[in-house]
Amino acid sequence: MTAPTTPGPTLDVSRISVQLYTVREALAADLDGTLARLAAIGFTQVEPFGLTSSAATLAPVLAAHGLSAPSAHTSVIGADLDAVLTAAAATGTTLVIDPHVDRARWTTTEDVAAIAAELNTAAQRAADAGVTIGYHNHEFELETRIGGRPALEVLAEHLHEQVALEVDTYWAVVGGVDVPDLLDRLGSRVKAVHLKDGDGSRDDSKQVAFGTGAIDTAAILAACAGVDLGVIELDDTTGDMFTAVQDSYTHLVQALSSGVPA
């Protein structure tokens, strides 16, 4: 009898990105040089943060290094949506992700439904500009349970079909959920994932290159069917950040190219 095989990774190699927050200190010191280094590693796509305030400066430098920004983080809830959409147009961004809503708003169904309503309203306006609105989790949206279920899943039930999710797989682990199961339950609403590794703790400095830590990255990659974009990120690390980014990219490309999990 032939042993069953584990499904291989399903992200496309051409859809690997990197969250620029990972190299925020280098960016602040040398925007052009930092983007040049990312392009030299092999990235063709990046995910900016604080897009509304950074787009005008960032756009020409991205273009100079052959980089695109299909997704970006910036506040949507409570923000000037016209400014958000203007920034997205400047960088050619079509997926704008709100990176954080205060944890105090995630305690009841009514709280979460109100967050969803704000995202839904923004998404309907953004759609006319060709932009999808999304939300990115940390650990508390999974850790907080409402009716025995992670608050993020309660949010998903109240979201209009136009609204996307970007699942931060590391923080979902910290939040106490099985990430492949979570991705399966959330289904096609998940348009992007943050791919990071570490010891599974809340200590950002314990994060390491993707594929070299304690997170079951193989199972996570195998569960990414239908996900459009895989975004490498480290919130912090104790070693050299660019080495960790390079190693993350190498591990991920090898895994996706060969079908052998990272």
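1. In this predicted model, Asp168 has His194 of strand S8 as its bridge partner. Strand S8 comprises residues 190-195 and runs parallel to strand S7, the two being joined by four bridges.

2. Strand S7 also pairs with strand S4 (residues 132-136), in the parallel sense and over three bridges. On this side, Glu166 of S7 stands opposite His136.

3. The burial of S7 deserves attention. The strand spans residues 164-168 and is mostly covered, with five of its five residues buried. Ala164, Glu166 and Asp168 point one way from S7, whereas Leu165 and Val167 point the other way.

4. A separate point concerns the packing of two helices. Helix H3 (residues 51-64) and helix H4 (residues 81-91) have axes that come within 8 Å and cross at roughly 10°. Angles under 35 degrees count as roughly parallel, and H3 and H4 are therefore roughly parallel to each other.

5. From H3, the contact is made by Leu51, Thr52, Ala55, Ala59 and Leu62. From H4, the contributing residues are Ala83, Val84, Ala87, Ala88, Ala90 and Thr91.

Conventions: Residues are numbered from 1 along each chain as its sequence is written. This is a predicted model: local features need pLDDT of at least 70, side-chain atom pairs count only at pLDDT 80 or more; totals for chains, interfaces and linings use all residues. Side-chain values use heavy atoms; hydrogens and water are left out. Axes are lines fitted to C-alpha atoms, for helices over the stretch in contact, and angles run from 0 to 180 degrees between N-to-C directions. Angles under 35 degrees count as roughly parallel, over 145 as roughly antiparallel, 65 to 115 as roughly perpendicular and the rest as oblique. Contact means heavy atoms within 4.5 Å. Buried means under 20% relative accessible area, exposed over 50%, partly exposed in between (1.4 Å probe, protein chains only). Two strands pair if DSSP finds at least two bridges between them.
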